[in-house]
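Open the model in your viewer and keep the selection panel at hand.

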Amino acid sequence: MNKIAQIFQTLEYGPAPESAQPALDWIKAHDGVFGHFINGAWTKPGKTFSSDNPATGESLAQVSEGSAEDVDKAVKAARAAFKSWSALSGYERAKYLYAIARLVQKHSRLFAVLESLDNGKPIRESRDIDIPLVARHFYHHAGWAQHRDREFPGAVPYGVCGQIIPWNFPLLMLAWKIAPALAAGNTVVLKPAEFTSLTALLFAEICEKAGLPKGVVNIVTGFGETGQAIVAHPDIDKIAFTGSTDVGKAIRAATAGTGKGLSLELGGKSPYIVFEDADIDSAIEGLVDAIWFNQGQVCCAGSRLLVQESIEERFIAKLKLRMSKLRVGDPLDKAIDIGALVAPVQVERVRELMQKGIEEGGSVYEPDIDLPAGGCFLKPALITDVSPANTVVAEEIFGPVLVVMSFRTPEEAVALANNTRYGLAATIWSENINLALDIAPKIKAGVVWINGTNNFDAAVGFGGYKESGFGREGGKEGMGVYLKPAWEKDLKPAPAAKASPAKPANPLDASQGIDQTAKMYIGGKQARPDSGYSRPVFGPAGNLVGEAGEGNRKDIRNAVEAARAALGWGTSSAHNRAQILYFLAENLQYRRAEFAARIKEQTGEKGEAEVDAAIERLFAFAGWADKYDGAVHNPPLRAIAAAMVEPIGVLAILAPQARPLLGSVALLAPALAMGNPVVLVPSEKSPLSMTDFYQVLETSDVPSGVVNVVTGDSAVLAKTLAEHDGIDAIWCVGDAATSTMVEKASVGNLKQTWTSRGLNYDLSDTEKFEGDYFLRRATQVKNVWVPYGA
Ligand code: NDP
């Protein structure tokens, strides 16, 4: 047989290598050694380390290890550049972003080859996915630069942003960080991951070519310590991080109390759900993209296959067949599917986790396919016979390893999908669009792909729920995390609260005789404090005006349980929530005189104005309930992405001491309007307005558990709430020490926090607080991708 006939018989791939030469020439042009890019110039290389090609183990270049001094120099350059960069018109900034986009496109092949050499990903992916998305990101954000002031009135950039990125999508993660930061008017200091610095350094050259003003973009290479120096630098205004959840938590703890902005893009263990009516071949092809894209080193990898029991056997058989056709090989070969993992240590980590999977009873399947000799290559793997408690099911493996479980009903699929501390992404396969669209909102994840997977676009936000982090990248939400209201910088310290009269040494001395202790309100019922103690409430002249329960951690536990049982509030219709808030306002109006008198009793102030303001605030957020909603994006592929605005979950609120009614209502109303059940700790000094308020709640059809009121020592209850894993977000009006404590204690489940840090947030200001300020903080955006095509 001649060769062509033979090829037709076997249909085997021939080699299709891309030349590494242009990328090697670029490295050579730098003598194979790089300094940092600071203030528009290259520093002299200092102590260096090697950046290796994971496919061969060969060293590609020497890269400098950034010290705290290097970081400091970069921050100073970024600070100096900030004034003029942020003063440029949006149009001027847009032109720079556009120039960068054009230059990335022009040199896209060089970028793609360099990325594949340094990271080990197939050239097919770097060429067709990573680099085009990088260019798209800069184009898209050129538009945001120009329209910033129209779309974000009253917002200003943070200042200097410290940005730390991982190695799995080196240039793409850089683009996701730098493009919105610059569009918003910030300057940046970015640290690439130690394994993959080279495309960030090539990007620095692109910035030079684009004529970007000195100091706007600074790149400091190095290890985790360099990242730590960025996080710790006092003159950095915002940190944006992508990487592992452990490091994300460390960064959350390190930034607590500093007032630095923070966005975290962390790990995932994303479910890939296949229903029995799915197009199985498409679902399998999707799965190849979900878990073997980038060797599985993808934060949103569909690494947990949940397949309906009725098709499980057939599906797994077909999947194994497909796995046996995957080609693992030289990343620069255009016809391979799976390249090299990033480094030997990552191969080791994946192997260890697989071993653990076996030890815990899992069965590993690997197809009988060839691996190149040497280099960081692994076969695609499938682990069956596992259950939710297994390490390989719970932990992010970050390698080409899929775990499989089955389910019977849609409810079980949702329960399994949500049975994870993460919440980054999910995929649903079903030919029944009604079923898919019913499941999508039930899954706690920032991105849901229906009948497709790993779709990304600059116009569509990306980011996590739960321990996958907070903040979004891409879209309007992504711009939002690089901006803050201009008025925040003018906030003054809150006036010191007047000291409460001391508690009497003998508790009996405070007692009013007949027990008139205001009870707490938990799960729609009045509740006595678990402690059995109450605390006196004094009027302005030190006179005793009543008593309130001394709440403790058991009361908080009960309140959180009640609130979690009321999470259905978030899926009730917005119209329904609006009606209930209007009704609350109406019922408060009926009792205006009584509430005003109670305010006067506790504070000495005339209370009518405060009650009126509280009624108006309830009206305002009743009005928002059905209006603060999402968008439909039209990314450049045959799909729509529905950006749904969802509640965060159970919200804890520590209300201010002043304005005992309005202070609580101003925070409660936006939280409720957006569908979050609340555990409220009212003013410690004057709690009686809110213990009265539950009578209004009871008469206004607010479902049980949606509002829970626990009175007591704010700082003590704040700590319990911040540490509680059943709380998803916490807002705390408190002094600097309490705010820092709340931020630190929130690390456990990475709850979203808003704290006043001892500053005077005047919640009576309708201009500032009747709009989206708290609505934004009460919600998170989920993007549901739905493809179309006959
Ligand atoms: P890390 O989270 O450690 O690294 C991410 C980035 O943070 C890197 O630039 C790293 O620097 C830097 N860094 C490390 N420690 C600190 C610190 N204390 N303070 C500030 N910055 C720091 O991820 P790894 O590279 O170590 O990967 C470990 C695991 O994390 C993977 O196996 C995977 O499971 C997960 N991961 C998840 C990612 C995601 O997108 N969700 C991305 C990458 C990893 P340096 O590279 O020099 O250490």
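Is Leu11 buried or exposed? Leu11 counts as exposed, because its relative accessibility is 64% and the cut-off for exposed is over 50%. Bear in mind throughout that this is a predicted model.

**Stop 1: two loop residues**

Stay on Leu11. Its place is the loop that links helix H1 (3–10) to helix H2 (21–29). Check the backbone there: phi is positive, about 50°, although Leu11 is not a glycine.

Now select Lys466. This residue also has a positive phi of about 50°, and Lys466 is not a glycine. Look for Lys466 in the loop between strand E18 (447–450) and strand E19 (469–470). With a relative accessibility of 30%, Lys466 counts as partly exposed.

**Stop 2: strand E10**

Select residues 238–242, which form strand E10. Why is E10 described as largely enclosed by the rest of the structure? Because five of its five residues are buried.

Show the side chains next. In a regular strand, side chains alternate between the two faces of the sheet. In E10, Lys238, Ala240 and Thr242 point one way. Ile239 and Phe241 point the other way. Residues on both sides are buried.

**Stop 3: the neighbours of E10**

For one of the contacts, pick Gln163: its bridge partner in E10 is Ala240.

Follow the chain from E10 through helix H10 (residues 245–255) to E11. This β-α-β crossover is right-handed.

**Stop 4: cysteines**

Select Cys207. How far is its sulfur from the closest cysteine sulfur? The distance is 15 Å, to Cys161, which is too far for a bond; a disulfide needs the two sulfur atoms within 2.5 Å. By that rule the count of disulfides is zero. Cys207 is buried, because its relative accessibility is 1%.

Finish at Cys732. Cys732 is buried, with a relative accessible area of 1%. The cut-off for buried is under 20%.

Note on methods: Residues are numbered from 1 along each chain as its sequence is written. This is a predicted model: local features need pLDDT of at least 70, side-chain atom pairs count only at pLDDT 80 or more; totals for chains, interfaces and linings use all residues. Side-chain values use heavy atoms; hydrogens and water are left out. Helices (H or I, at least four residues) and strands (E, at least two) are DSSP runs, numbered from the N terminus. Buried means under 20% relative accessible area, exposed over 50%, partly exposed in between (1.4 Å probe, protein chains only). Two strands pair if DSSP finds at least two bridges between them. A crossover is right-handed if, with the strands pointing away from the viewer, the path from the first strand over the helix to the second runs clockwise.
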